[in-house]
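Happy to walk through this one with you. Let's take the labels one at a time and ask what stands behind each.

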Amino acid sequence: MNTTATGVTTSVSRRVAAGREQEFLRWTDAGMAMAGTFPGFLGGGWLRAASDPEQYHVVYRFADEHTLDAWTTSPARKVWVGRGTGLAQDTVTHRLTGVEGWFEPQSTLTHAVRVSTPPPRWKQAVTIWLGFFPISLLVAMFVTPRLAALDVVTRTAVATVLTTPVMVFVVLPFLTARLRRWLHG
């Protein structure tokens, strides 16, 4: 895969020392800000593991292997890492390319994530509504009349079982691709 065209990401899983979460987050944010001063930095962020509140996943995205390596081997980064001693323990580190990584468990992550700021929630809500309204209207017009003999719970279950995959696999990918500039602008 050509990482120059797709970018490259480092993903680091870190277990935060008990009682040091706020200090860890300030340290992580400082590292992100420092990475932002390096050529080729495209963005980054962190996620807290849903199943383990002491586990964080931190990602840094760069334009290519060369710019990522320049950052990871820099004296400035070494000083920053040193300041974090005792805050957290690195548990897993991955170097990623592509977009497939968003859909793999962190423990098996081998491909990349696109690191960017998510759109504002109101834009997400508008996008979902733009897809949900016509699908709901079609189901209300053509499916639910055929289910009139069923109770409301069963009718709702059938409608949502039909609409959810259509929304997730067809409508939302279609809409987000066409609204990308508006969503992220």
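Q: What makes residues 126-144 a helical stretch, and how far apart are the end C-alpha atoms?
A: Over residues 126-144 the chain is 89% helix and 0% strand, with 25 Å between the end C-alpha atoms. Helices here are DSSP runs of H or I with at least four residues, strands are runs of E with at least two, and both are numbered from the N terminus.

Q: What does the chain look like over residues 156-175?
A: Residues 156-175 are 100% helix and 0% strand, and their end C-alpha atoms are 25 Å apart. In an unreviewed entry, UniProt lists 126-144 and 156-175 as "transmembrane region". UniProt positions follow the numbering used here, feature names are shortened, and such annotations may be inferred rather than shown by experiment.

Q: How do you know which parts of the model count?
A: The model is predicted: local features need pLDDT of at least 70, side-chain atom pairs count only at pLDDT 80 or more, and totals for chains, interfaces and linings use all residues. Residues are numbered from 1 along each chain as its sequence is written, and side-chain values use heavy atoms, leaving out hydrogens and water.

Q: How many helices and strands does the protein have, and in what order do the elements run?
A: There are 7 helices and 4 strands. From the N terminus the order is α-β-α-β-β-α-α-β-α-α-α.

Q: Why is the pair Asp52 and Arg15 called a salt bridge?
A: A salt bridge needs a side-chain nitrogen of Lys or Arg within 4 Å of a carboxyl oxygen of Asp or Glu. For Asp52 and Arg15 the N to O distance is 2.5 Å, so the pair meets the definition. Asp52 sits in the loop between β2 (41-48) and β3 (55-62), while Arg15 is in strand β1 (residues 8-16), 37 residues apart. Arg15, Asp52 and Glu54 are linked in a network of salt bridges.

Q: What makes Arg48 and Glu21 a salt bridge, and which elements hold them?
A: Their side chains meet at 3.4 Å, N to O, which is within the 4 Å limit. Arg48 lies in strand β2 and Glu21 in helix α2 (residues 21-35), so the pair ties together parts that are 27 residues apart in sequence. A search of the whole structure finds 4 salt bridges.

Q: Is Arg14 buried or exposed?
A: Buried means under 20% relative accessible area, exposed over 50%, and partly exposed in between (1.4 Å probe, protein chains only). Arg14, in strand β1, has a relative accessible area of 2%, so Arg14 is buried. By contrast, Arg48 at 41% counts as partly exposed.

Q: What does Arg14 contact?
A: Contact means heavy atoms within 4.5 Å. Leaving aside neighbours within four places in sequence, Arg14 is in contact with residues including Phe24, Trp27, Glu54, Tyr56 and Trp80.

Q: Why are α2 and α4 called roughly antiparallel?
A: Angles over 145 degrees count as roughly antiparallel, under 35 as roughly parallel, 65 to 115 as roughly perpendicular, and the rest as oblique. α2 and helix α4 (residues 75-83) pack at about 175°, their axes 10 Å apart, and are therefore roughly antiparallel. Axes are lines fitted to C-alpha atoms, for helices over the stretch in contact, and angles run from 0 to 180 degrees between N-to-C directions. The contact includes Trp27 and Met34 of α2, and Trp80 and Val81 of α4.
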